[in-house]
Amino acid sequence: MAAEDPSVSGVSGRYATALFELARDEQSVDQVRADLDKFEALLNESADLKRLVRSPVFAADAQLKALTAVLNKAGIAGTSAKFLKVLTANRRLFAVADVIRAYRALVAKFKGEATAEVTVAEQLSDKNLDALKAALKSVTGKDVALNVKVDPSIIGGLVVKLGSRMVDSSLRTKLNSIKNAMKEAG
């Protein structure tokens with residue numbers, strides 16, 4: 001399966017494929033995805049955890065001990081915890097973000113979903129998120145999972161990346177195009 005999808009190649013692709021196949025066999029695909037999402041959220045909000053994951057300075061046993069404490073506190077157990085510990089023991093924990101991304105891609109393909117990267121100026125309400133999902137589903141014919149990123153620098157509007165397509169309706173882009181048009185006319 002990994003060879004068919006370029007987003008799941010290399011070391012991270014091999015680990016993600018192994019985890020996906022194991023989770024599929026155990027019928028725990030959604031639980032593993034939820035656990036990995038939880039771990040990624042912890043990673044994004046903790047500079048110390050990022051340092052633990054990325055730094056080659058930590059010995060494998062120290063890294064494993066610290067990771068075990070983090071997983072226990074976060075309530076991440078079972079297949080997900082065992083997998084993260086295997087990554088640590090194999091000195092591949094630095095690739096965990098890529099493994100999580102590849103795992104999500106495999107799950108999406110398995111479930112017939114598409115994933116859209118959405119950048120907005122401020123957090124969207126649930127009503128707006130549902131409307132965006134419905135609009136993207138009508139375009140793709142698939143259920144669309146949204147990865148929403150808030151970036152106030154786009155001023156307003158949104159930027160949607162779905163596969164190789166991108167729609168940029170941000171106010172920043174519109175203002176820049178007006179500015180360029182005025183320079184050319186000028």
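**Reading the labels**

Q: Which residues of α3 are buried?
A: The buried residues of α3 are L49, L52 and V53. This is a predicted model, and buried means under 20% relative accessible area.

Q: What do the buried residues of α3 pack against?
A: Their packing partners are α2, α4 and α6.

Q: How do you know that α2 reaches a span close to the expected one?
A: Helix α2 has 17 residues, and from its first C-alpha to its last it reaches 25 Å.

Q: Why are the buried residues of α2 said to line one face of the helix?
A: The buried residues in question are V29, V32, R33, D35, L36, F39 and L43. Seen down the axis of α2, they fall within an arc of 165 degrees, so they line one face. On the other side of α2, N44 and E45 are exposed. As for partners, the buried residues of α2 pack against α1, α3, α4, α5, α6 and β1.

Q: What makes F39, L84, V96 and Y103 stand out in the largest nonpolar core?
A: That core has 28 residues, and these four touch the most other members. The elements giving two or more residues to this core are α1, α2, α3, α4, α5 and α6, and α6 gives the most, with seven residues.

Q: Which residues is F39 in contact with, leaving aside its neighbours within four places in sequence?
A: Contact means heavy atoms within 4.5 Å. On that basis, F39 is in contact with L49, V53, L67, L71, I76, L84, V96 and I100. There is also a second, separate core of 12 residues, with V120, L124, L136 and V160 among them.

Q: How do you know that β1 and β3 pair?
A: Two strands pair if there are at least two bridges between them. Strand β1 (residues 113-120) is joined to strand β3 (residues 158-162) by five bridges, so the pair meets the definition. These strands run antiparallel, and V118 stands opposite V160 in β3.

Q: What makes β3 and β4 a pair too?
A: Four bridges link β3 to strand β4 (residues 165-168), in the antiparallel sense, and the cut-off is at least two.

Q: Why is Q27 called exposed?
A: Exposed means over 50% relative accessible area. Q27 has 73%, so Q27 counts as exposed. You will find Q27 in the loop between α1 and α2.

Q: What makes the phi of Q27 and of I155 worth a look?
A: Most residues other than glycine have a negative phi. Q27 is not a glycine, yet its phi is positive, near 55 degrees. I155 is not a glycine either, and I155 has a positive phi of about 70 degrees. I155 lies in the loop between β2 and β3.

How values were computed. Residues are numbered from 1 along each chain as its sequence is written. This is a predicted model: local features need pLDDT of at least 70, side-chain atom pairs count only at pLDDT 80 or more; totals for chains, interfaces and linings use all residues. Side-chain values use heavy atoms; hydrogens and water are left out. A nonpolar core is a set of buried Ala, Val, Leu, Ile, Met, Phe, Trp, Tyr and Cys residues joined through side-chain atoms within 4.5 Å. Buried means under 20% relative accessible area, exposed over 50%, partly exposed in between (1.4 Å probe, protein chains only). The expected span of a helix is 1.5 Å times one less than its number of residues. The arc is that of the directions from the helix axis to the C-beta atoms.
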